[in-house]
Each structure stands twice: as structure tokens, then as C-alpha cells.
Amino acid sequence: MHPLIEVRNLRYSYDDGSAALNGVDFELFAGETVAILGPNGAGKTTFVLQIAGLLTGGGEVRVCGLPVTGANLAEIRRRVGIVFQDPDEQLFMPTVLDDVAFGLLNLGLDRQTARQSAMRSLEQVGMAGAAHKAPYHLSSGEKRRVAIAGVLAMNPEILILDEPTTHLDPPGRSALLRLLLDLPQAKLVVTHEAGFAAASARRAVFFERGKIVASGTVPQILAQFAWGEPGAVQRQP
Amino acid sequence: MHIPDGFLSAPVWLSLDLAALPAVAYVARRAQSEAPENQIPLLGAMGAFVFAAQMINFPVGAGTSGHLLGSALLALVLGPAAACVVMTAILMIQALVFQDGGVLALGANTFNMSLAGVAAGYLPWRLWGAAQWRKFAVFAGGMLSVLVGAALAFTELWFSGVPMPRPLLVLSGGLFLLAGAIEGGITLAVFQAVERMNRSWVRDPRTFPLIPQAAVTAAAAILAMVGVLAASAAPDILESFSRAIGLGGKERALVATPFGGYEAEFIRSSWLSKATAGLAGLVAVVLCVWAWGRFLARRRNA
Amino acid sequence: MHHFVVDHWSQSDSPLHRRDARAKLFVLVATLLAVATAPAQFQWTGVGLAAPILAGFLIARIPLGAALLRGLVVLPFTATFALISYVGGDVERAAALLWKSYLSGLAVLLAVSTTPFPHFLRAAEWWGTPSFLVTVIQFVYRYLFVISEQVQHMRMAAACRGSGGRGWLFQRDHVAAAAGAVSVLFSRSMARAEGIHRAMIARGFRGHILTLDSPRFGWLDVVFAVAAAGGLIALRIVLGRVS
């Protein structure tokens with residue numbers, strides 16, 4: 001089976017010369033959910049931005065068989081849906097419906113179809129009632145769900161979620177988890193939370209200083225790096 | 001400095017609205033053509049930033065505090081065209097959402113603070129920003145943007161017949177000098193902090209051709225003044241028009257100014273001296289800045 | 001804060017809320033013209049023109065007292081000149097300055113309190129405001145709420161650290177602190193702008209923001225626009241003749 005994402009020796013450095021990614025190898029297969037773990041500044045966000053076609057660095061990155069370079073970027077950005085850490089940056093349109101329809105209109109759909117598709121995506125995440133509200137009226141959890149709707153509307157094959165549990169209370173986290181488990185797309189979940197990683201993904205990779213230093217099942221990685229609440233780790237058989 | 005509705009006479013607010021419309025359209029097109037794709041988030045974020053910055057108080061002693069107006073700072077970061085668009089956006093939100101400044105008076109307020117204010121704020125930077133006088137350029141830009149905006153506002157009120165006794169003019173003059181100095185100081189302080197964070201955030205002063213910009217500013221100011229004066233000097237034309245369409249009362253004109261016939265006579269009798277006074281002030285400012293810049297440039301090259 | 005309140009009012013429902021924004025903008029301009037061109041005497045003209053505006057607040061089910069209070073924002077600027085006119089002997093002029101600016105402000109407040117601001121902006125665009133400017137205003141408005149909360153937090157944090165010192169001398173530290181606060185806001189705004197831009201290109205943005213359809217003008221909106229604007233102008237003319 002061909003991997004959806006293939007990364008070989010990915011390197012990326014910032015404008016000031018410091019390296020953010022130091023040679024990363026990675027593969028993602030259809031239907032998989034992989035948790036991306038690691039300390040702050042390790043390069044997790046930079047890594048997923050590369051895959052989403054928003055940054056281009058050295059090395060080889062292929063998404064759905066397409067190399068992530070100039071001509072393919074538009075197509076890759078359509079196939080990879082990324083939910084950013086800060087929903088306020090993602091929901092920039094005046095109303096919820098406008099925002100979800102944003103990507104659809106950019107794809108060239110006519111207004112009628114875009115509106116209908118957008119409503120369907122909102123129903124999928126349970127936010128159809130908020131269609132005509134302004135984003136600043138929503139709670140963090142609601143904003144995040146709308147952001148996901150906006151991404152889902154574009155029918156991506158791969159979903160990336162960057163710290164999706166930020167500002168979410170436990171009920172919000174559970175709701176998000178239920179939503180994610182229902183989605184058929186392959187997923188990359190960047191997260192700090194051990195419990196969420198364990199519940200949403202089977203495989204995990206651990207980033208440290210711009211490289212993947214370990215890869216395995218989520219419980220293995222959590223135990224190896226003593227990552228997360230002692231209670232959650234102790235519950236492993 | 002935001003003029004509410006009900007202050008300006010019809011010829012004044014109408015002619016400024018008509019002058020501001022093409023100016024804003026031009027500036028919007030100019031800004032859009034400069035960098036359309038990533039301009040919108042940047043302009044939106046900077047507009048919100050200026051709003052927020054205006055909420056922060058700078059204590060200047062004796063229990064008073066000033067706050068940033070922002071035209072000069074925006075011009076330094078975004079360049080004059082985009083800065084005009086952002087300032088206009090801010091003024092419109094202030095007028096509509098906060099009722100700070102009138103809606104019919106938007107043309108006047110836009111002209112004073114967005115168009116002239118941004119141009120005046122940017123001009124010193126354009127002249128001296130590349131030299132070792134850059135700190136002075138930033139300060140001067142902040143100060144000029146406030147002074148030019150205030151001078152224009154007062155001129156417009158004066159032409160509308162709003163009473164302006166000498167003590168008020170002297171006091172206001174003093175207050176505006178102080179406000180200008182505060183604006184200059186805050187703009188400089190923020191400019192230095194921003195430069196320390198990331199040098200690329202501040203515009204290269206050489207990116208805009210100077211003569212066209214200064215000429216356009218001066219020309220626009222002169223045209224607006226002349227237009228305002230011409231309209232104010234011809235209220236009788238407006239009266240006969242209104243009578244012709246059957247709407248005039250005895251001495252009421254359709255386009256009555258708030259202060260009736262007194263003001264028409266006032267303007268007609270001394271419009272020449274008024275024109276000279278108002279225009280001279282503005283032109284003098286522009287000429288001084290330009291002459292000083294040339295003098296310094298010659299010294300630098302010697 | 002004021003924009004939170006106005007935004008809240010604009011979200012409710014009433015016959016006025018349901019009218020098309022383009023019609024409301026038209027009526028607003030007609031109202032402002034009527035007030036601006038009206039003769040100065042308060043007894044008839046001011047009261048006469050105030051009546052429909054106050055009625056508007058009642059129909060829109062907006063708390064009248066709160067609205068009247070918020071309209072007082074024009075007062076500082078106006079009162080100065082009104083006082084000068086009064087002291088100079090022209091009571092009529094002083095009153096005119098006061099009631100005209102106050103009523104104009106109330107009319108604008110009524111219009112924006114009964115219309116969600118994005119709709120109001122689309123109406124302005126429909127009536128001729130350049131699209132680029134309208135889009136910038138949308139974004140400024142959208143992020144105004146986010147950033148004003150940030151400022152409130154910063155103010156609170158600063159107060160907790162004792163910044164309220166009232167000195168009679170110029171205090172360099174306080175100015176430095178304020179400049180620091182402004183520059184932090186600036187860098188956060190720049191970072192946010194970058195983040196928004198990334199989110200836009202991630203969903204295929206190519207330079208033009210496309211929007212969904214605006215609702216069509218209904219016959220009720222046409223009736224409202226013509227009747228309200230016509231009525232106000234007629235009122236103004238009648239009052240002009242009477243006084």
C-alpha cells in the first residue's frame with residue numbers, strides 16, 4: 001500500500017539560520033491516525049506546515065504521490081486540511097457560514113452549491129445552528145468545531161490538527177474526540193496531552209530538536225519518554 | 001479632532017465628501033495593487049492594533065495622559081497608500097460603531113486625518129528617514145500628522161461659521177502643539193521598540209517617489225480649500241436653486257447653513273483674506289519641510 | 001465596552017432588525033440630511049425630528065435610556081463650542097450645535113444597533129464604497145473584539161502590578177511601560193496577521209475574497225426605504241415652513 005505522506009530527510013531552517021527541522025523521515029498510510037508528540041520548539045508545527053504545503057524546505061516530501069513544490073502546492077493544500085492552533089486566526093470571515101464557505105468559493109463552486117456544502121459540513125460537526133453568528137460570539141470549543149467544518153468542507157484526504165485541545169474543557173475534549181474518531185480521513189494530531197493522544201491515535205512519533213527520535217505505539221512512546229500524567233501511564237497493562 | 005455632524009455647513013461637508021470619494025477610491029486601488037494577497041490580514045491586524053493602542057494611556061505628568069493617534073506610525077509600517085486605507089477604515093468604524101465623528105462629516109474627517117494626516121506623517125520620513133536624522137523624522141512625522149489634521153479641522157469649522165474667539169484659538173493652538181509633541185514622542189518610542197524586534201517591519205523610506213507625493217498632497221489640499229471657499233461664497237446660487245424647485249421658505253434655503261445668512265455675508269466679505277490665511281498656513285508647512293530637507297541633503301552631499 | 005453592547009443589540013429581532021441593510025443605510029442618510037439642513041430652532045424642528053428617531057428605538061426594542069446615554073458621546077466636543085456660542089450671546093446657535101450633533105449620533109446608533117455590522121458594510125459596498133476598503137473594515141472589526149479583550153487583560157495585569165501611580169512629575173518608567181505595552185500589541189498583531197494569511201492560503205485564497213449572496217431586497221424593504229426617507233424629508237420641510 002502506498003503511503004499518503006512520504007517524507008525523506010526533510011530539512012528546514014529559519015531566516016536567521018537556526019535549524020527547525022534536521023532531517024526527518026516519516027510515512028503516513030490511509031486511515032491511520034498518528035500522534036505527534038514532543039516538547040515545545042521541537043519542530044512539530046514546522047513539520048506539519050511543510051506537509052500542508054505552507055512551507056517549503058529541503059529534502060523530499062510527497063503528499064498523495066505529489067512532491068510538495070511550487071506547481072503542486074494548490075492541489076496539496078486542497079488535499080491536506082489543517083486546523084490551526086488558534087481558531088481566531090482561522091475564523092477570519094464575518095460569519096460562521098461565510099467562513100466555512102470560504103474554501104469552497106475559492107475552489108470555484110457557485111454560491112448556491114457552496115452554501116449547501118457549507119451547511120452540510122456544519123451539520124457534520126454539530127454547529128449548523130450557529131451558521132449566521134459572528135465568530136467572536138462562540139466559545140473556544142465551538143470555534144474549533146467550526147474551523148474543522150471549514151476544513152472538512154474541502155474534502156481533504158488528510159487532516160492535520162495542531163494542538164486541538166487548547167482551551168477546551170473536559171466535555172469539549174470528549175466531544176472533539178468523538179468527532180475525530182468518526183472521521184475516515186488519515187489524521188496527524190499534534191498534541192501535548194497524553195490522554196488525548198492515547199485515545200485518538202494508535203501510532204506516535206516523538207520530536208526532539210528537529211528530528212524524530214522515536215516512533216512506535218502511543219503507549220510505548222508515552223512510557224519511553226515519561227510523557228504525561230502518571231495516572232494515565234500507570235493504567236497501561 | 002473628529003468633527004460630529006451638525007457643525008459643518010453644507011457647502012463644507014458636501015464639497016469635502018465629494019473630494020474625499022475619488023481620493024479614497026484612488027488610495028484603495030493603489031494599496032490593493034501594491035501587494036493584494038497578504039495585505040488584507042496585515043491591514044486588518046494593524047487597524048485593530050491602532051484601535052487598541054488608542055486605549056493605552058501614556059502619562060505625561062500633571063495628571064494628564066495622551067494616547068496614540070496612529071497615522072504616522074501606520075505610514076511608517078505600511079507605506080502611505082495602505083496607511084490611508086487603514087485610517088479610513090478606522091474612521092468609518094469610529095463614526096458608525098462608536099458615533100465618534102459624524103457620518104456626513106466623514107469626508108472632512110477622512111481628509112483631515114486619513115489623507116492629509118498620513119501624508120504629513122510620512123513626508124518627514126520620506127525626506128530624512130534614510131539619514132542619521134531618522135529619529136527626528138519619526139518624531140516630526142507624528143507631530144505634523146496631528147498639527148495638519150487639527151489645522152484643517154479648525155479651518156473647516158471656521159469656514160462653517162462656528163464661532164472662534166481668539167482665546168479659544170490660542171488655547172487650542174497650545175493644546176494641539178502639546179498633542180503633536182505627545183504623538184511624536186509615542187510614535188518614536190513605539191517605532192524604536194518595533195525596530196528592535198524586527199527591522200524589516202519598517203518601510204524603506206526610498207520606496208516612494210517624493211515629488212509626485214508632495215505635489216499630490218499640496219494640490220489636494222489647495223483644491224479642497226478652493227472648492228470649499230467657492231461653495232461657501234456662492235450660497236445665493238444654492239438659494240435660487242432651492243427656490244426654483246419650490247422648496248424655499250421666506251429666507252430659508254434648502255441647503256441652509258446652521259448659522260443662516262450671517263455666515264454668508266461673513267464669508268463673502270473676507271473670503272480673500274480667509275483663503276490666504278488658511279492656504280498659507282498649509283503651504284508654509286509643506287514648503288518648510290521640503291526646504292529643510294533639501295538643505296540637509298545638500299549638506300550631507302557636500 | 002461600547003462595541004460589545006452595540007453588537008449585542010444588533011443581534012436581536014424586531015421589525016427594524018429584519019429590514020434590509022441597504023434600505024436602512026438609505027434612510028439613515030436621509031435622516032442625517034434632514035437634521036443637517038434643518039433650521040436651528042429647537043422647539044419645533046429638533047423635537048419634530050427627534051420623535052421618529054426615538055420611535056425607532058422603541059420599535060427596535062432597544063433600551064431607550066441606555067441608547068440616549070450612549071448618544072452623549074458627542075458631548076465633550078460639542079459642549080465646548082456650544083458654551084462659546086452661549087457666552088458670545090447666541091443661545092440659538094449653542095442649542096443648534098447641541099441638538100443637531102446629538103440627534104445625528106442617535107440616528108447612526110439606531111442604524112447600527114439594528115443591523116449586524118457585516119451586513120451594514122455590505123450595504124455600504126452596494127452603495128459604492130470600494131470593495132478593498134470594505135474588506136479591510138471587515139477584518140479590522142473582526143479583530144477589534146479579540147484585541148480589545150487583550151488590552152483589557154493587559155490593563156488588569158498592569159493594575160495588579162501597581163501601575164496606577166498618580167505622579168505630578170513626568171514618569172519615564174510609566175511611559176516606557178506604556179510604549180512596551182503598545183509594542184507587544186504590535187508584535188502580536190503582526191504574528192496574527194501572518195497566521196491569518198497562512199489560514200487563508202491553506203484554503204486556496206488567491207487574492208480576491210469571494211462572498212456568499214446577499215439577501216434580496218423584499219417589497220417590504222422598498223416600502224420602508226421610500227416611506228421612511230420620504231416621511232423624514234417631508235417632515236423636515238414642514239417643520240422648516242412652520243418655524
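How many bridges join strand S3 of chain A to strand S8 of chain A? Select residues 33-37 and 186-190 of chain A: four bridges link these two strands, and they run parallel. For one pair to zoom in on, pick Ala35(A), whose bridge partner in S8(A) is Val189(A). Keep in mind as you go that this is a predicted model.

Now widen the selection to the whole sheet. It is an open sheet of six strands in chain A, ordered S6-S7-S8-S3-S9-S10, and the pairing is mixed. Look at the edges next: S6 (80-83) and S10 (211-217) of chain A each have a single partner strand, so one side of each has no neighbour in the sheet. From one strand to the next, the twist averages 20°.

Next stop, the contact between chains A and C. Chain A puts in 28 residues and chain C 21. On the chain A side, helices H2 (73-79), H3 (87-90), H4 (96-106) and H5 (111-124) each give two or more residues. H4(A) gives the most, with seven. Colour that side by class and you get 15 nonpolar, five polar and eight charged residues.

Finish on chain C by selecting residues 131-160, helix H8. Its 30 residues reach 43 Å from first C-alpha to last, close to the expected 44 Å. Centre on Leu144(C), where H8(C) bends by about 35°.

Technical notes
Residues numbered from 1 in each chain as written. Chains lettered and ligands numbered in written order. Predicted model: local features only at pLDDT ≥ 70, side-chain atom pairs only at ≥ 80, totals over all residues. Expected span 1.5 Å × (residues − 1). Bend = angle between axes of the 7 residues up to and from the residue. Contact = placed C-beta atoms within 7 Å. Nonpolar A, V, L, I, M, F, W, Y, C, P; charged D, E, K, R; others polar. Pairing = 2+ DSSP bridges. Axes fitted to C-alpha atoms, helices over the stretch in contact; angles between N-to-C directions.
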